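Reader: I would like to learn how to read strands and pockets in a model like this one. Can we walk through it step by step?

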Amino acid sequence: MTGARDLTNRVAGRPRSSAGTGRLDVRNPATGEVIGTVPLSGAEDVAAAVAAARAAFPAWSSTPVGERGRLVGRFRALLERDQESLARSVVREHGKTMADAAGSVRRGIESVEFAEGAASLLPGATIANTARGVDAEMFSEPLGVVVGITPFNFPVMVPLWMFPTAIALGNTFVLKPSERVPLSADLLGALSEEAGFPPGVLNIVHGDKDAVNALLVAPGVDAVAFVGSAPVARHIYTTAAAAGKRVLALAGAKNHLVVLPDADVPGAVDSILSSAFGSAGERCLAGSVVLAVDPIGDELVRRLSERVRALKVGPGDDPSTDVGPVVRPEQRDRVESYIRLGQSEGATVAAQAPVPAGSGGYFVAPTLFDHVRPSMRIAREEIFGPVLAVVRVASFEEALEVANASEFGNAAAIYTRDGGRARAFRERIQAGMVGVNLGVPAPSAALPFVGWKGSAYGALAATGPEAVRFFTRTKVVMSRWPAEPAPRPPAS
Ligand code: NAD
């Protein structure tokens, strides 16, 4: 797709111009070129989208569940048809490589496959004769209007975690995509209309924090699902909960990768490299700190250094590129300031890859730090860029101690040939998603994407059965019916 696109909101199945006049440029991070503009919606736009979702709810929630699933299935078929152009859109506005983008679109489609059948997973129960003449039944019903607020790093996948499942379960939806990557979300909106979603079932409101803040307290909104950075997740969780909404807020990460001396080192190096530098490190599952258990450190750093120096940095649409740009100049400056900080904290730059000069893109040199101490800020804070820190530790116990001291608990991985150690790691690591000899432990769509500690707020996770619970509420019915008179014995 070429040419700049000026987006409008999508409300009740139609484009709807924002009431405000503010717009933001959308840029291709590989070139800096403006590829679109996005409206900065305000309270009036939010009210219109919520009203459309509210108006659509009675008919949609009473549409038979199988019919809703089939409609979501038609949407899935259109995603399959357009998966390549969706991936190109992700490359163009996010910057990741085509392989990373295509993989993320595929993962998103898997969530839609899950959504199609979600109705059959609805929890329900009946207890006949729970008291004398009384039957108990449990129903799962949709909540009403659900809001989804999504981050820049997965322009297609994270929206697809949310709205297909919520909608299949009978809710109506208002999506507020990241203002940095709104073009792919708009394509999803167009496909939902082509699939035949009734007007108002999915609405898209573009904008920044003003649109979000209006959504968090909007009277017609029943639940808010958020994925993004930790400070914003805390704000979303507290504000929306105070306004009486059900809230789920997935947040930031600092993922630890433990390498034991018995590990398959070449295999571990491949896995660590793609975990840390895939999507230019802009992933909540990105490995960020390697805990190298003595005496593996020297060999591991030597092998990782060779590979980091050989990484090819460039535009995501060049098939030879390993690492694309980061999303914006401010993000590039932030990551580079962390690289300077690491050096001033006393860590050693073991290796860096060269960046293309003079392209106008927001490229950062992939950087490997060695001799990082756990107390350093580069070992504790989420950098969200192509930077990997190696902390050398004396033992498995010390590795666990360092990883578990993190304020975050999204993902963690261990590389070893020792099943007992792997099992102990699984039991004792304080993280929601655990990899054993793999560095990006993304759960399949039928399982929850689950963060611990500061990586998530709320009782339930974003995908799988926990999403089904989040997007529904339970009703229990106790019934007693007048007893039927006993049949009279036939006259003889
Ligand atoms: P972000 O928090 O800046 O933005 C996320 C959303 O919140 C956007 O739609 C944005 O418009 C809105 N927003 C931003 N600032 C706001 C404010 N002050 N008030 C109200 N709304 C605001 O996150 P991002 O930079 O787009 O995404 C990257 C972050 O997301 C990283 O921290 C990453 O770890 C996290 N993330 C987490 C997961 C997970 O599953 N845990 C998945 C993907 C990304």
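This is a predicted model: local features need pLDDT of at least 70, side-chain atom pairs count only at pLDDT 80 or more; totals for chains, interfaces and linings use all residues.

Reader: What should I keep in mind about side chains in a strand?

Author: Along a regular strand, side chains alternate between the two faces of the sheet. Burial in β17 reaches six of seven residues.

Reader: Which strand is joined to β17 by five bridges?

Author: That is β14, residues 287-293, and the two run parallel.

Reader: How many bridges link β16 and β17?

Author: Three, again in the parallel sense, with β16 spanning residues 367-370. Here L368 has L388 of β17 as its bridge partner.

Reader: Now the pockets. What is the general idea?

Author: A probe the size of a water molecule, rolled over the atoms, shows where empty space is left. In this model, the largest pocket holds about 840 Å³ of space.

Reader: Which residues lie nearest the centre of the largest pocket?

Author: P151, R180, G228, S229 and V232, out of 38 lining residues. By class, that lining has 19 nonpolar, twelve polar and seven charged residues.

Reader: Which element gives the largest share of the lining of the largest pocket?

Author: Helix α8, with four residues. Elements that each supply at least two residues include α5 (157-168), α7 (209-217), β11 (223-227) and α11 (329-345). Look at the domains too. Domain 1 (5-251 + 455-477) and domain 2 (255-436) each give at least three residues to this lining.

Reader: What about the second largest pocket? How much space lies in it?

Author: About 350 Å³. The second largest pocket has 22 lining residues, and S104, R107, F154, M157 and A442 lie nearest its centre. Its lining divides into eleven nonpolar, six polar and five charged residues.

Reader: Where does the largest share of the lining of the second largest pocket come from?

Author: From α4, with six residues. Helix α4 spans 98-116, and both α4 and α5 supply at least two lining residues here. Domain 1 and domain 2 each contribute at least three residues to the lining of the second largest pocket.

Notes: Residues are numbered from 1 along each chain as its sequence is written. Side-chain values use heavy atoms; hydrogens and water are left out. Buried means under 20% relative accessible area, exposed over 50%, partly exposed in between (1.4 Å probe, protein chains only). Two strands pair if DSSP finds at least two bridges between them. On a 1 Å grid over the protein atoms alone, a cavity is a set of points where a 1.4 Å probe fits but cannot get out, and a pocket is an open set with protein on both sides within 12 Å along at least five of seven lines; lining residues have an atom within 4 Å of a point. Grid points are joined across faces, edges and corners, and a volume is the space filled by probe spheres set on the points. Ala, Val, Leu, Ile, Met, Phe, Trp, Tyr, Cys and Pro count as nonpolar, Asp, Glu, Lys and Arg as charged, and the others, Gly among them, as polar. Domain bounds come from an automatic or database domain assignment.
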